[in-house]
Amino acid sequence: QTGLTAAAAAGTRIVLASQAGQILISKDNGASFGKLAAKPGPVSAVLAAGKDGLLLGGARGVRAQALK
């Protein structure tokens with residue numbers, strides 16, 4: 001159980017985030033997901049930021065994350 005707390009979609013990408021800081025990303029409309037390497041920390045909000053970025057919000061504030 002991952003405790004998913006946030007989700008965002010942009011084009012064919014879907015991003016899921018957990019309170020534990022795990023970020024899952026799909027590049028194929030949700031057919032498969034992989035882990036995104038990101039700074040550890042709780043995430044309670046996700047927002048697509050342009051073509052190749054995310055904004056992740058949580059108890060520690062908001063941070064930018066590249067989609068690579």
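Here is a short walk through this predicted model, from its sheet to its core and its salt bridge.

Let's begin with the sheet. Strands of a sheet pair through backbone hydrogen bonds, in either a parallel or an antiparallel way. Here, four strands form an open sheet in the order β1-β2-β3-β4, and their pairing is antiparallel. At the edges stand β1 (4-10) and β4 (34-35); each has a single partner strand, so one side of each is left without a neighbour in the sheet. Further in, β2 (residues 13-18) and β3 (residues 23-26) run antiparallel and are joined by four bridges.

Now turn to the nonpolar residues. The largest nonpolar core consists of twelve residues, among them A6, V15, I23, L36, V43, L54 and L67. Strands β1, β2, β3 and β6 (53-58) each contribute at least two residues to this core. L36 is a handy place to look around from: leaving aside residues up to four places away in sequence, L36 touches I23, I25, L54, Q65, A66, L67 and K68.

Finally, what about charged pairs? Searching the whole structure turns up one salt bridge. The partners are the side chains of D52 and R13, at 3.5 Å from N to O. Because D52 lies in the loop between β5 (45-48) and β6 while R13 belongs to strand β2, the pair ties together parts that are 39 residues apart in sequence. Is D52 buried, exposed or partly exposed? Its relative accessibility is 37%, so D52 counts as partly exposed.

Note on methods:
Residues numbered from 1 in each chain as written. Predicted model: local features only at pLDDT ≥ 70, side-chain atom pairs only at ≥ 80, totals over all residues. Heavy atoms only, no water. Pairing = 2+ DSSP bridges. Core = buried A, V, L, I, M, F, W, Y, C linked by side-chain atoms within 4.5 Å. Buried < 20%, exposed > 50% of the residue type's maximum accessible area, 1.4 Å probe, protein only. Contact = heavy atoms within 4.5 Å. Salt bridge = Lys/Arg side-chain N within 4 Å of Asp/Glu carboxyl O.
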